[in-house]
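Subject: Structure handover

Hello,

Here is the structure you asked for. My notes follow below it.

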Amino acid sequence: MKVLITGGAGYIGSTIASALEDAGHTPIILDSLLTGPKAFVRDRIFYQADIADKVALKQIFQDHPDIFATIHCAALIVVPDSVSDPYNYYIDNVVKSMELFKTLAELNHPRVVFSSSAAIYDVVPNFMVNEESPLKPLSPYARTKYMMEMVLKDFCKAYGLKAIALRYFNPIGADPKLRTGLHVKNPSHLIGKLVQVALGKEPVFHLTGVDWPTRDGSGIRDYLHVWDLAQAHLKAVLNFDKAIAEGKSDDTDYTVINLGSQQGVTVKEFVAAFESVYGKKIPMEIKPARPGDIAGAYANADKANRLLGWKVEMTTADGIRDALRWGEVRDQILG
Ligand SMILES: NC(=O)c1ccc[n+]([C@@H]2O[C@H](COP(=O)([O-])OP(=O)(O)OC[C@H]3O[C@@H](n4cnc5c(N)ncnc54)[C@H](O)[C@@H]3O)[C@@H](O)[C@H]2O)c1
């Protein structure tokens, strides 16, 4: 089966491409290389173009009329950058995604799997959210995802698209075969920072926020291995029509599915897990919460299990181990 992956040179898109390939399918990569590295495309069928480039999209589907579905991962993803430069985020993640979806409808390639985010959820008292939980996107980045979910549903209703929006929680780790991993040099999220300290690239880890109403005061998250996340996309494509039929809430061919481990892990617990895999203490300083930080959330992933037959297979420790292994080879692969 052929599957188009936008953003297939990125961290998650490239891992999905490996998962598809390992299962005997053919990923086709569409990426402008705006942020993703060429090395992550490997020897895959590749179109270097923008997602809003209609000419390129027509060419792709002319060359590969048997593409079964499009997995739309391409986006800008750095939350603080979205605060300082919202224009670029709304253009890339909203305007260009709309152009992509409209073109897919016009070309009659209606199946879309969309990379959404758990960042759109509001905080709930016990921190566990299902797909019906209240939404409250706090950053421009999160609002682009929230908006695109609404746009996508409207497009499904009006233009005959069929879409599954996957709300990812916090992906960690790398491809277990180390083909790809996190490409950014100075990652701003928790595991990236810890790896930087472990590799001696940063002197100390700053634990930001210890006054949240969680069991130890630090924020709570839901970490899932990026390989498990990739497997969920494979299953979403393989079970696409059934998942839409059983998952839709009205007559529109659209459904939303959480992808998480179902386990809330606090930042302090995560640091302890990291130290245990790494085998050494991480120098740490406590700092106040950053503007826009929230207590957090973890997933109820029953719907993913029911509709896709998916649940996480790998542990937080597996994710930490693969992030550290990737950290050691990253510079050789990417320079
Ligand atoms: N990484 C996370 O923690 C996380 C969490 C939740 C959701 N997501 C979503 O998952 C998706 C993939 O994230 P990632 O971590 O792999 O990001 P990434 O930055 O590694 O990959 C994004 C890719 O999209 C490409 N791209 C961006 N704009 C483009 C455009 N206009 N045309 C063509 N290509 C373009 C980039 O070159 C890059 O290769 C994103 O939609 C992101 O919002 C990520």
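Which residues of α6 are buried? Leu190, Ile191, Gly192, Leu194, Val195, Gln196, Val197 and Ala198 are. Buried means under 20% relative accessible area, exposed means over 50%, and partly exposed lies in between (1.4 Å probe, protein chains only).

First, the ground rules. This is a predicted model, in which local features need pLDDT of at least 70, side-chain atom pairs count only at pLDDT 80 or more, and totals for chains, interfaces and linings use all residues. Residues are numbered from 1 along each chain as its sequence is written, and side-chain values use heavy atoms, with hydrogens and water left out.

**Helix α6**

Helix α6 spans residues 190–198. Helices (H or I, at least four residues) and strands (E, at least two) are DSSP runs, numbered from the N terminus. Eight of the nine residues of α6 are buried, so the helix is largely enclosed by the rest of the structure. The cover over those buried residues includes strands β8 (170–172), β9 (205–208) and β11 (223–225). It also includes helices α9 (267–278) and α11 (316–334). Contact here means heavy atoms within 4.5 Å. Gly200 follows α6, and its phi is positive, near 80°.

**Aromatic pairs**

A search of the whole structure gives six aromatic pairs. The criterion is ring centres within 6.5 Å, for Phe, Tyr and Trp (its six-membered ring); planes under 30 degrees apart count as stacked, over 60 as edge-to-face, and the rest as tilted. Tyr223 and Phe270 make a tilted pair, at 4.2 Å centre to centre with 35° between the planes. This pair links distant parts of the chain: Tyr223 is in strand β11 and Phe270 in helix α9, 47 residues apart. Both Tyr223 and Phe270 are buried.

Phe274 and Tyr278 also form a tilted pair, at 6.0 Å centre to centre and 45° between the planes. They are four residues apart in helix α9, which means about one helical turn separates them. Phe274 is buried, with a relative accessible area of 0%. Tyr278 is partly exposed, at 24%.

**His72**

His72 lies in strand β4 (residues 67–72). Its relative accessibility is 1%, so His72 counts as buried. The side chains of His72 and Thr6 are joined by a polar contact of 2.7 Å. A polar contact is a pair of N or O atoms within 3.5 Å; within protein, one must be able to donate a hydrogen and the other to accept it, and residues adjacent in sequence count only if both atoms are side-chain atoms. Leaving out residues up to four places away in sequence, His72 touches Thr6, Ile51, Ser97, Leu100, Phe101, Val113, Phe114 and Ser115.

**The ligand**

There are 29 residues around the ligand; Ile12, Asp31, Asp92, Tyr141 and His183 come nearest. A residue is near if one of its heavy atoms lies within 4 Å.

- a polar backbone atom of Gly10, 3.2 Å
- a polar backbone atom of Tyr11, 2.8 Å
- an N or O atom in the side chain of Asp31, 2.6 Å

On its own the ligand has 830 Å² of accessible area, and the protein covers 93% of that. Areas come from the Shrake-Rupley method with a 1.4 Å probe; for residues, only the protein chains shown count as cover. Helices α1 (11–22), α4 (86–106) and α5 (140–159) and strand β5 (111–117) each supply at least two residues of the shell. The largest share, three residues, comes from β5.

Best wishes
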